[in-house]
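Have the model open beside you as you read.

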Amino acid sequence: MPRILRDPLFHFAIVGLALFFLFSALGQAESDADSNEIRVDRETVLTFIQYRTRSFDRNMAEQRLNALGEEELNRLVDEYLREEVLYREGLGLGLDADDYVIRRRLIQKVEFLAEGFASAAVDLTDEDLQAHFDANKQDYFVAPSITFTHVYFDKAKHGDAALTLAADALERLNGEQVPFSGAPGQGDRFPFHVNYVERTYDFVASHFGPDMTANLFALAADDGVWQGVFKSPYGAHLVMVTSVSLGKDAVFEDVKARVTEDARRVRLEADKEAAIAQIAAEYDIEIDLSAGATE
């Protein structure tokens, strides 16, 4: 692909030009709105379909229109006429004047249109994605995680004896070589889960409290060995830890899909703001915030 097609400035120009023609068309529509005549042609329906689908893709609209049966087409035209009539009545009654909700709605609509045109122009290369990943590595950091199972002894049920019960059970579990899969059915019923597979620090802390979580992440993984006793706000626990990851930088290929989505969103936002800036540049803007200034 030619380099110019990947240049963000080229995208800004395309978006700005598209908006110029769009606003010209809308200006014509405003003039039409003053008339009692409503003309519906193929172009009108194509535009209506693109608004309805929120996708400004003419080819897609053409395909949808061509696929409609007579009954579906008539229903679509009726829906367009209903909206057009109500829209013109609203304008005729002056309901759009000094209405902040309508003002915000129009702003959102133009922003949406700018975003839609910008979206069609975005084409990210592998170099673009790699650059975004390198500049935002902290966003893709693989959080610490742990895999373990546990046997729980309820403090509300046993009181201080929960710790003694856990200590006795520790010796039995290791003596009988109870495996990871043998945890269910041991001890009491925990309010959350028995097994925790690749769970993050924050997730574990939300179930066991910060103190026990810190102790768990400090353990060495030792499949087949029960460790404890650990105390949580709910009681006493014995755990078998099979893996502990302390966190690491992500590998680009592992998170490429996410990077693509993020980079595209960032590029879209930049292109949209650039297009809006181009539009604003066409206005003569005067700012006077002094107390005596008049409108």
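Predicted model: local features only at pLDDT ≥ 70, side-chain atom pairs only at ≥ 80, totals over all residues.

Leaving aside residues up to four places away in sequence, Leu165 touches Phe153 and His158. Leu165 itself belongs to helix H8, which covers residues 161–175. Is this leucine buried or exposed, or something in between? Its relative accessible area is 34%, and because buried requires under 20% and exposed over 50%, Leu165 counts as partly exposed.

Now follow the contact with Phe153 into strand S1, where Phe153 is one of the buried residues.

Which strands pair with S1? One partner is S2 (residues 195–200), which runs antiparallel to S1 and is joined to it by four bridges. Ser145, for instance, has Thr200 as its bridge partner in S2. Another partner is S4 (residues 235–245), also antiparallel to S1, and here 10 bridges join the two strands. Among the residues to look for is Tyr152, whose bridge partner in S4 is His237.

Let's turn next to a pair of helices. H2 (residues 42–53) and H4 (residues 70–92) pack with their axes 11 Å apart, at an angle of about 80 degrees. The two helices are therefore roughly perpendicular to each other. H2 brings Thr44, Val45, Phe48, Ile49 and Arg52 to the contact, while H4 brings Leu76, Val77, Glu79, Tyr80 and Glu83. Sorted by class, six of these contact residues are nonpolar, one is polar and three are charged.

Finally, step back to the whole protein. Its secondary structure comprises 11 helices and four strands, and 29% of its 295 residues count as buried. Of the contacts between residues at least 6 apart in sequence, 71% link residues at least 24 apart. The exposed surface comes to about 19,100 Å², with carbon and sulfur atoms supplying 52% of it.

Definitions and conventions. Residues numbered from 1 in each chain as written. Heavy atoms only, no water. Buried < 20%, exposed > 50% of the residue type's maximum accessible area, 1.4 Å probe, protein only. Contact = heavy atoms within 4.5 Å. Areas by Shrake-Rupley, 256 points an atom, 1.4 Å probe, with all protein chains shown as cover. Pairing = 2+ DSSP bridges. Axes fitted to C-alpha atoms, helices over the stretch in contact; angles between N-to-C directions. Parallel < 35°, antiparallel > 145°, perpendicular 65-115°, else oblique. Nonpolar A, V, L, I, M, F, W, Y, C, P; charged D, E, K, R; others polar.
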